[in-house]
Amino acid sequence: MFHRDGVKQLASILDTTGRPIWLPSMIAGQPDTLLGVPLSSSEYVPNTFTTGLYVGIIGDFSNYWIVDAFDLQIQRLAELYAETNQTGFIGRAQLDGAPVLAEAFARVKLA
């Protein structure tokens, strides 16, 4: 997973045989690949490309679990927006996530 700016930079990198390490998908519905591994992008991944900073992660996300505590609360705010004839809602949920196999992930750091 990389920022879209990072994917642009990866597209210009070649391996030792002169082939690009990033390959766009040629089949609809299939992801692009980085070194043969499916690649996804996110705007939440850092896009500051400075030496010593992490810029992405390569991993098997089937080894990342998201946990839902089943404690969902919804509060109705009818009085707060009464002047404008609106109703507001606040929702609260307890969620967490973590890798269950640390070896399945590697952070990419610029050298």
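**Notebook: aromatic rings**

I started with a cluster: ring pairs link Phe61, Tyr64 and Phe105. This is a predicted model, where local features need pLDDT of at least 70, side-chain atom pairs count only at pLDDT 80 or more, and totals for chains, interfaces and linings use all residues. Residues are numbered from 1 along each chain as its sequence is written, and side-chain values use heavy atoms, with hydrogens and water left out.

How many aromatic pairs does the structure hold? I found 2, taking rings of Phe, Tyr and Trp (its six-membered ring) as paired if their centres lie within 6.5 Å; planes under 30 degrees apart are stacked, over 60 edge-to-face, and the rest tilted.

I looked up Phe61 and Phe105: their ring centres are 5.3 Å apart and their planes stand at 75°, so this pair is edge-to-face. Phe61 lies in the loop between strand E4 (54-59) and strand E5 (64-68), while Phe105 is in strand E9 (residues 105-109), 44 residues apart. Strands here are DSSP runs of E, at least two residues, numbered from the N terminus.

Next came Tyr64 and Phe105, with ring centres 6.4 Å apart and planes at 80°, so they are also edge-to-face. Tyr64 sits in strand E5 and Phe105 in strand E9, 41 residues apart.

Which of these residues are buried, and which partly exposed? Phe105 is buried at 17% relative accessibility, whereas Phe61 is partly exposed at 40%, and so is Tyr64 at 34%. Buried means under 20% relative accessible area, exposed over 50%, and partly exposed in between (1.4 Å probe, protein chains only).

Definitions and conventions: Helix = DSSP H or I, 4+ residues; strand = E, 2+ residues; numbered from the N terminus.
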